[in-house]
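Please look through the sequence and the model below before reading on.

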Amino acid sequence: MTRWRHRTATALLLAAVPLAGLPGVAQAADPLVADACPADEVQGDWFADTAGNVHAQAVECLSWWAVTGGVEQGRYGVGDPVSRGQMATFLARTLDGLGVPLPGAEPRFPDVAGTTHADGISRLAAAGVVGGGADGRYRPGDPVSRAQMATFLVRTF
């Protein structure tokens with residue numbers, strides 16, 4: 001992997017981490033995120049609720065890469081929790097955007113079929129990135145714990 005591609009992958013994966021929309025004064029541009037997104041196209045005004053948020057640059061970078069689209073028109077949901085289903089979709093779209101092939105797969109978990117995130121969950125499960133609980137369910141609507149997020153990211157790398 002070239003240095004640029006590695007830095008881009010790192011930036012996209014780190015930006016995909018479900019940060020709880022911590023309030024704060026906007027910081028100087030993050031050079032790692034800046035490597036992943038063209039500054040002339042990611043200017044900090046895509047979502048009204050990211051203005052002044054410390055994570056605005058990363059959020060808008062992910063939107064530019066089509067990893068996320070926010071929760072509704074003009075709103076990202078910076079303080080909203082991230083579900084296990086959403087996290088799987090973020091990671092699958094990130095890998096797709098980087099050209100990393102994921103296998104196609106039928107839903108492996110009985111509680112995933114027909115959900116918005118079934119495709120991402122199924123493809124990541126087939127690749128060994130995500131797994132279900134002891135009862136065989138994925139629980140796509142449950143929030144991602146910090147421990148689960150760490151496992152998702154390490155397996156994605």
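How far from E60 is the nearest side chain of opposite charge? The model is a predicted one, in which local features need pLDDT of at least 70 and side-chain atom pairs count only at pLDDT 80 or more, while totals for chains, interfaces and linings use all residues. Residues are numbered from 1 along each chain as its sequence is written, and side-chain values use heavy atoms, with hydrogens and water left out.

E60 lies in helix α3, where helices are DSSP runs of H or I with at least four residues, numbered from the N terminus. The residue is buried yet has no salt bridge, and R75, the nearest side chain of opposite charge, is 13 Å away. Here buried means under 20% relative accessible area, exposed over 50% and partly exposed in between, with a 1.4 Å probe and protein chains only. Lys and Arg count as positive and Asp and Glu as negative, with His and the chain ends not counted, and a salt bridge requires a side-chain nitrogen of Lys or Arg within 4 Å of a carboxyl oxygen of Asp or Glu. The side chain of E60 does make a polar contact of 3.2 Å with that of T50 (a pair of N or O atoms within 3.5 Å, of which, within protein, one must be able to donate a hydrogen and the other to accept it, and residues adjacent in sequence count only if both atoms are side-chain atoms).

The largest nonpolar core has 31 residues, and those with the most contacts inside it are M87, L124, V130, Y138 and F152; such a core is a set of buried Ala, Val, Leu, Ile, Met, Phe, Trp, Tyr and Cys residues joined through side-chain atoms within 4.5 Å. Helices α3, α4, α5 and α6 each supply at least two residues of this core, and its largest share, six residues, comes from α4. L91, in α4 (residues 84-97), counts as buried because its relative accessibility is 0%, and its C-alpha atom is separated by 8.1 Å from that of L153, 62 residues apart along the chain.

In α6, the buried residues are M149, F152, L153 and T156. Seen down the helix axis, they fall within an arc of 95°, so they line one face of α6, the arc being that of the directions from the axis to the C-beta atoms. On the other side of α6, A147 and V154 are exposed.

Turning to the loops, A66 lies between α3 and α4, and R139 between α5 (118-126) and α6 (146-156). Phi is near 65° in A66, a positive value in a residue other than glycine, and phi of R139 is likewise near 65°. R139 counts as partly exposed because its relative accessibility is 29%.
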